[in-house]
Amino acid sequence: MRFWLTCNVLLFLFITPLLSEDFISKMEYAKMLYSNPRGIGCNKCHGEKGEGAVISKYSSKNRDVVLEAPNITTVSKERFFQALTSQHRVMPTYFLTWQEIDSLYYYVSSEVKK
Ligand code: HEC
């Protein structure tokens with residue numbers, strides 16, 4: 001009885017680090033993709049957490065123009081997928097898989113990120 005208990009403890013001690021060390025979490029992967037989505041990082045325009053940011057300010061025809069990337073943390077999943085599979089005026093077009101878009105959505109919509 002005691003022998004089996006010792007075996008289990010040893011197995012646990014050796015196996016656990018093997019299983020956990022080399023793998024990155026779903027959130028770590030999603031965060032990496034957010035700043036490097038095979039193209040310009042989403043963070044460059046939408047901010048580190050998708051909160052939205054001012055891209056640039058300039059004057060045109062004597063008017064001040066503020067170019068902004070919207071907050072994307074509260075966008076619905078449908079709208080998020082739609083935005084990443086269509087063309088925009090300012091935002092570049094990406095060629096991401098459904099899984100990648102899903103990861104990006106997970107990252108920006110998650111309450112527990114970072
Ligand atoms: C060059 C700046 C820029 C980059 C880079 C960028 N976006 Fe955008 N994004 C915008 C702007 C500006 C809009 C508003 C639509 C437009 O004018 O293009 C937008 C719109 C969106 C929307 C739609 C928001 C809504 O309310 O419907 C989503 C979702 C989105 N972006 C997600 C992303 C993700 C995810 C990435 C990275 C893969 C990304 N964007 C990269 C600038 C950017």
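Is the crossing of α4 and α5 left-handed or right-handed? Please bear in mind, as we consider this, that the model is a predicted one. The two helices, α4 and α5, cross in a right-handed manner.

Let me set out the geometry. Two packed helices are described by the angle between their axes and by the distance between those axes. Here, helix α4 covers residues 77-84 and helix α5 covers residues 98-109. Their packing angle is about 125 degrees, and the axes lie 10 Å apart. An angle counts as roughly perpendicular from 65 to 115 degrees and as roughly antiparallel over 145; α4 and α5 are therefore oblique to each other.

Which residues meet where α4 and α5 pack? On the α4 side they are Lys77, Phe80, Phe81 and Leu84. On the α5 side, their partners are Trp98, Ile101, Asp102, Leu104, Tyr105 and Val108. Sorted by class, this contact comprises eight nonpolar residues and two charged ones, with no polar residues.

I turn now to the chain as a whole. It contains five helices and two strands, and their order along the sequence is α-α-α-β-β-α-α. Of the 114 residues, 25% are buried. Among contacts with a separation of 6 or more, 47% join residues 24 or more positions apart. Finally, the chain exposes about 9000 Å², and carbon and sulfur atoms supply 59% of that area.

How values were computed. Residues numbered from 1 in each chain as written. Predicted model: local features only at pLDDT ≥ 70, side-chain atom pairs only at ≥ 80, totals over all residues. Heavy atoms only, no water. Helix = DSSP H or I, 4+ residues; strand = E, 2+ residues; numbered from the N terminus. Buried < 20%, exposed > 50% of the residue type's maximum accessible area, 1.4 Å probe, protein only. Contact = heavy atoms within 4.5 Å. Areas by Shrake-Rupley, 256 points an atom, 1.4 Å probe, with all protein chains shown as cover. Axes fitted to C-alpha atoms, helices over the stretch in contact; angles between N-to-C directions. Parallel < 35°, antiparallel > 145°, perpendicular 65-115°, else oblique. Left-handed = near helix turned anticlockwise from the far one by under 90°. Nonpolar A, V, L, I, M, F, W, Y, C, P; charged D, E, K, R; others polar.
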